[in-house]
Amino acid sequence: MNILKLLRERNKFTQEFVANKLGVTRQSYIRYETGEVELTASAIRVLANLYQIEYRNIIDGIMPEDTVVYMSRRNHDVEKFRQIVLYTLQAAGDLVYLTQTDFYKLIYLIHKDFYEQYLVQLTSLYYPEQSLTEGLSIYANEISKMAEENLIEFINTSIHKGQAKKIIPLTRSNLNYLTGTEVCFLHREFARYSTEF
């Protein structure tokens with residue numbers, strides 16, 4: 001049943017999110033994903049609808065034909081996310097009180113607002129039913145990879161008599177990954193949230 005894990009990861013869903021869709025606990029869902037327990041017909045129907053694929057793909061354990069296309073698009077999409085992070089860090093450079101956690105929240109709000117305005121995902125790291133907690137975890141993971149690749153750096157800072165971390169860009173963003181509409185949208189978001197952080 002590796003197909004369940006592949007489909008879930010491809011769509012950036014958490015195990016808990018998929019379990020909720022199936023009406024089971026996370027532990028029960030894990031048993032489906034590892035193949036310990038066989039899927040019921042109703043579970044197959046729910047999953048096929050969730051992933052917008054044929055029942056056969058789940059039953060036979062075959063990824064949809066667009067997998068290769070998806071993976072190349074996904075790689076481009078992750079790079080787009082990274083450029084949004086770098087661009088946001090550049091624009092938010094003057095926000096002295098923007099901590100690491102605040103920055104993750106800002107990235108989440110940018111993705112959420114873009115979807116609400118245009119009804120399309122800015123990047124695949126956001127999905128319509130994503131909660132703030134899920135979003136922060138996803139963005140923190142990807143941004144940590146950026147730090148490992150020396151694209152950004154985390155620094156300690158004292159803000160409001162407490163310790164906090166800030167994120168500093170080590171390279172400039174490449175706006176070739178963004179459309180004009182997306183860049184204009186980001187500018188509006190910076191103006192909108194600049195007083196909140």
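Colleague: Let's start with Lys 80: which helix holds it?

Modeller: Before that, a word on what you see: this is a predicted model, where local features need pLDDT of at least 70, side-chain atom pairs count only at pLDDT 80 or more, and totals for chains, interfaces and linings use all residues. Residues are numbered from 1 along each chain as its sequence is written, and side-chain values use heavy atoms, with hydrogens and water left out. Helices here are DSSP runs of H or I with at least four residues, strands are runs of E with at least two, and both are numbered from the N terminus. On that numbering, Lys 80 sits in residues 67–91, which is helix H6.

Colleague: Is Lys 80 buried or exposed?

Modeller: We call a residue buried under 20% relative accessible area, exposed over 50%, and partly exposed in between, using a 1.4 Å probe and protein chains only. Lys 80 has a relative accessible area of 9%, so Lys 80 is buried.

Colleague: Which side chain makes a polar contact of 2.6 Å with the side chain of Lys 80?

Modeller: A polar contact is a pair of N or O atoms within 3.5 Å; within protein, one must be able to donate a hydrogen and the other to accept it, and residues adjacent in sequence count only if both atoms are side-chain atoms. A polar atom of the Lys 80 side chain lies 2.9 Å from the backbone oxygen of Leu 122. Contact in general means heavy atoms within 4.5 Å, and leaving out residues up to four places away in sequence, Lys 80 touches Leu 122, Thr 123, Tyr 177, Leu 178 and Glu 182. The side chain joined to Lys 80 at 2.6 Å is that of Glu 182.

Colleague: Zooming out, what pattern does the protein follow along the sequence?

Modeller: The secondary structure comes to 9 helices and 2 strands. Of the 197 residues, 44% count as buried. Among contacts with a separation of 6 or more, 64% come from residues 24 or more positions apart. Read along the sequence, the pattern is α-α-α-α-α-α-α-α-β-β-α.

Colleague: Why do the buried residues of H3 end up on the same side of that helix?

Modeller: In helix H3 (residues 26–34), the buried residues are Tyr 29, Tyr 32 and Glu 33. An α-helix has 3.6 residues a turn, so residues three or four places apart point the same way. The buried residues of H3 pack against helix H1 (2–10) and helix H2 (15–22). They share a side because, going by the directions from the helix axis to the C-beta atoms, they cover an arc of only 95°.

Colleague: How do H2 and H3 lie relative to each other?

Modeller: Axes are lines fitted to C-alpha atoms, for helices over the stretch in contact, and angles run from 0 to 180 degrees between N-to-C directions. The axes of H2 and H3 come within 9 Å and cross at roughly 95°. Angles under 35 degrees count as roughly parallel, over 145 as roughly antiparallel, 65 to 115 as roughly perpendicular and the rest as oblique. H2 and H3 are therefore roughly perpendicular.

Colleague: And what covers the buried residues of H2?

Modeller: Those buried residues are Gln 15, Phe 17, Val 18, Ala 19 and Leu 22. After H2 comes Gly 23, with a positive phi near 75°. The cover includes H1, H3, helix H4 (41–51) and H8.

Colleague: Where is Leu 119, the one with a positive phi of about 60° although it is not a glycine?

Modeller: Leu 119 is exposed, because its relative accessible area is 62%. Its place is in the loop between H7 and helix H8 (132–148).

Colleague: Last one: how far is Gln 117 from Phe 185 in space, C-alpha to C-alpha?

Modeller: Gln 117 belongs to helix H7 (residues 100–118) and is partly exposed, with a relative accessible area of 45%. Not counting residues up to four places away in sequence, Gln 117 touches Phe 185 and Arg 188. Gln 117 and Phe 185 are 68 residues apart in sequence, and their C-alpha distance is 9.7 Å.
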